[in-house]
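My notes follow in the order I took them.

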Amino acid sequence: MIKELKDILDILKGEEKVILSVAAAEEKEVLQAVKDAVENQIIEPILVGDKDKIKLISEEIKFDLTGIKILNSNSIEESARIAVELVSTKNADFVMKGILDTSVLLKSVLNKDYGLRTDSLLSHVVAYQIENYHKLLLLTDGGMNISPNYEQKEMILKNAIQAAKVLGLDTVKVACLAAKEKVDTKMQATVDADLLQKAFVNGKFGKNVIVEGPLSFDIALSKEASDIKGFKSEVSGDIDILLVPTIEVGNGIGKSFTYMADAKSAGVIMGAKAPIVLVSRADSAESKLYSIAYGALIAKNIK
């Protein structure tokens, strides 16, 4: 079982490299992240964008482009299309967002003719490495879906389970978060969480998965809190996935992990035919590298 994000780097080293297409790669921090991934021997990149700018920035950061394919484009829309087509035609294994709006990239991802759409919903999954937690903790969805309904939560959870299984877990343990453990029709989060637990009992999420809900945050992550409250749980204190009811909850929890607990993280978008890597300027260089590595690991395991 992978317990630390750096373990993903160790697993990928020495194996056949996965190919990453980068849409609109002409940005310093994006190229630095790709450079770090290349130097860690985990990917083979294809850089799509303004060729002259890519070369100029690469010289500045001492990124040796020898043997690296660069595909020139005249607009960010064209960059998105080319980068996505590389994946859909099996010439690349996954895609990364460069210096373009997320909406531009996702428009190409969802294109019916050359995109990567599936019957699922696109959703954001972030793996956090937190010092006082004993393994990686996945959080979903704090980045894409604002206020998902029950059916959307099912798809979000399936995406997260897929992202969790590549970490080598024997059993994926899920907490569907709400403010309390009792179902209250005035609190839709509790209703949906209860339905997700019932769907798990009926085999909706496959083998080697346990889904419980509604669970409050403390009971999900602390066996001691669960015992004090007299709450019986198979997963309390040993959660792999936190499923949040709304984007605000996920965004707040995730940023609390990062800024208050100094957590390391790796994030990808799931639900397409291949993982999509999005990095933020606010992400540390380490987190950017880990996001690429996590995307590479997922891409290797969902081919």
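I started with Lys-90, which is in the loop between α4 (76–88) and β4 (94–97). This is a predicted model, so I'm reading computed values throughout. Lys-90 isn't a glycine, yet its phi is positive, about 70°. Most residues other than glycine have a negative phi, and most peptide bonds are trans.

Ala-24 is another non-glycine with a positive phi, about 60°. I found Ala-24 in the loop between β1 (18–23) and α2. Are these two buried or exposed? Ala-24 has 0% relative accessibility, so I put it down as buried. Lys-90 comes out at 75%, so it counts as exposed.

Next I looked up cis peptide bonds. One joins Gly-213 and Pro-214, with omega about 0°. Pro-214 is in strand β8 (residues 209–215). Another cis bond joins Thr-140 and Asp-141, with omega about -5°. Asp-141 belongs to the loop between β6 (137–140) and α6 (150–165).

**Around Asn-145**

Asn-145 has 13% relative accessibility; the cut-off for buried is under 20%, so Asn-145 counts as buried.

What does the side chain of Asn-145 reach? A polar contact of 2.6 Å joins it to the side chain of Asp-141. A polar atom of the Asn-145 side chain also lies 2.9 Å from the backbone oxygen of Leu-122. Leaving out residues up to four places away in sequence, I listed Leu-121, Leu-122, Ser-123, Ile-156 and Ile-247 as touching Asn-145.

**Enclosed space**

Rolling a probe the size of a water molecule over the atoms shows where empty space is left. How many cavities of 30 Å³ or more does the structure hold? I got two.

The second largest cavity holds about 40 Å³ of space. Asn-145 and Asp-141 turn up again in its lining, as do Thr-140 and Ile-156. Lys-153, Leu-243 and Val-244 are also among the residues that line this second cavity. By class, I noted five nonpolar, three polar and two charged residues in the lining of the second largest cavity.

The largest cavity has about 50 Å³ of space. Lys-153, Leu-243 and Val-244 are in the lining of the largest cavity too, along with residues including Cys-176, Ala-189, Asp-192 and Pro-245. β7 (172–177) and α7 (188–201) each supply at least two residues of that lining, and α7 gives the most, with four. The lining of the largest cavity has eight nonpolar and two charged residues, and no polar ones.

**The largest pocket**

I moved on to open space. The largest pocket has a volume of about 1,000 Å³. It is lined by 42 residues, and the closest to its centre are Val-126, Tyr-128, Thr-258, Ser-265 and Asp-283.

Which element gives the most to the lining of this pocket? α10 does, with six residues. I wrote down α5 (102–109), β5 (123–129), α10 (247–260), β10 (264–270) and α11 (285–301) as each supplying at least two.

**Helix α3**

Last, I took a walk along α3 (residues 51–60), where I marked Ile-54, Ile-57 and Ser-58 as buried. Why do I say they line one face of the helix? Seen down the axis of α3, the buried residues fall within an arc of 105°, so they sit on one face. An α-helix has 3.6 residues a turn, so residues three or four places apart point the same way. The buried residues of α3 pack against α2 (28–39), β2 (43–49) and β3 (69–72). On the other side of α3, I marked Asp-52, Leu-56, Glu-59 and Glu-60 as exposed.

At the start, a side-chain oxygen of Asp-50 comes to within 3.2 Å of the backbone nitrogen of Asp-52. After the helix comes Lys-62, and I noted a positive phi there, near 60°.

Conventions
Residues numbered from 1 in each chain as written. Predicted model: local features only at pLDDT ≥ 70, side-chain atom pairs only at ≥ 80, totals over all residues. Heavy atoms only, no water. 1 Å grid on protein atoms, 1.4 Å probe; cavity = no way out; pocket = protein on both sides within 12 Å on 5 of 7 lines; lining within 4 Å. Points joined across faces, edges and corners; volume = space filled by probe spheres on them. Buried < 20%, exposed > 50% of the residue type's maximum accessible area, 1.4 Å probe, protein only. Arc of directions from axis to C-beta. Contact = heavy atoms within 4.5 Å. Polar contact = N/O pair within 3.5 Å; in protein donor to acceptor, adjacent residues only side chain to side chain. Nonpolar A, V, L, I, M, F, W, Y, C, P; charged D, E, K, R; others polar.
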